[in-house]
Amino acid sequence: MNWYLQSGKESDVVTSTKIRFDRNLQGFKFNLKTKIDIEKLKNKIKENVYSIGYGLKYLELKDMDDITKMSLVEKNLISPEYVLNKNETGAILINDEENICIVINDEEHLKIQVFSAGFELENTLNYAIELDQKIEDVLGYATNKKYGYLTSSPANCGTGLKASVIVHLPALEKTKNIDNVFYTINNFGINVLGEYGQDKINNQNIYQITNKITLGITEQEIIENIKVVANKLIEQERKARKYLAKDTIDLEDTIYRSYGILINCRKITLDEIQKVISNVKMGVDLGILKELNDSKIQKLILYTKPANMQKYLGEQYGTLERDIKRAELIKQIINEK
């Protein structure tokens, strides 16, 4: 089962972990612009895929249909900006489990990404370091004794490490404590973003917590900073859920109304389903809603997104038809044995 359909450690609050290394190869200019230079870079990587191993496959964006590309965006494997700006020149290395996705020729030559379900910073980092060292052995990186791994953006030099966790914070949102919590987090040198790196306002109460600084700090220090902040968020979110649970009828009403929409709707938009699933997930995590389990929640989260829904059903649909099919698919997932 792919990582994004799994539940992991502390997954009532931390839904996933991502470790990213920004790297550039020796012998190539940074921030490549010309088609000849980009093709040379891609060819070098393509020629060495099997030497790197890890079951990686080389895929070019121009060979993918639009729904496949957007399905990767919805899984947070590539960014919408990358699809838009590198549609003709972009490429990725990806394995079947999709817990490794290496983006080629974005801001840097390589954006090495490793993903895990739940709160798994240390294990994911160790796996990413192992992969990173193998790629360095095969391809060779641009490095400097003083500045570490070199990147086109000085902000990403040093370790070149971006560690992030995706967190689900519905109770902090409902108790209106979320802004105070985020204000405190900013003092730790941590960014709070939306799930896909956009502005943090969203319908799902889902946020990305990531480090700002990569230079002058070790990989372990970066991980420890994220860990401290994530643990504080887990603690505060669980406290807020306990507070909401004191008014049992109100909380159960919110959760079961949302569940009622899922099982009774005949059509439903993406915006509405995101709000509804946030409440339903909290209900399952608190043990209030017995009708669903973690596995079904993960499927509902992924397969109600437009591109992944169409990939799952094997058909393309217009906007209204998608809303109808989404409602049908929700019932299908809920009723699975």
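Cys 265 has 10% relative accessibility and therefore counts as buried, where buried means under 20% relative accessible area, exposed over 50% and partly exposed in between (1.4 Å probe, protein chains only). The model is predicted: local features need pLDDT of at least 70, side-chain atom pairs count only at pLDDT 80 or more, and totals for chains, interfaces and linings use all residues. Residues are numbered from 1 along each chain as its sequence is written, and side-chain values use heavy atoms, with hydrogens and water left out.

| Residue | Relative accessibility | Class |
|---|---|---|
| Cys 101 | 0% | buried |
| Cys 265 | 10% | buried |

Across the whole structure, zero disulfides (cysteine sulfur atoms within 2.5 Å) are found.

The largest nonpolar core comprises 97 residues, and Ile 78 and Leu 110 have the most contacts inside it. Such a core is a set of buried Ala, Val, Leu, Ile, Met, Phe, Trp, Tyr and Cys residues joined through side-chain atoms within 4.5 Å. Helix α8 (residues 219–246) contributes the most to this core, with nine residues; helices are DSSP runs of H or I, at least four residues, and strands are runs of E, at least two, numbered from the N terminus.
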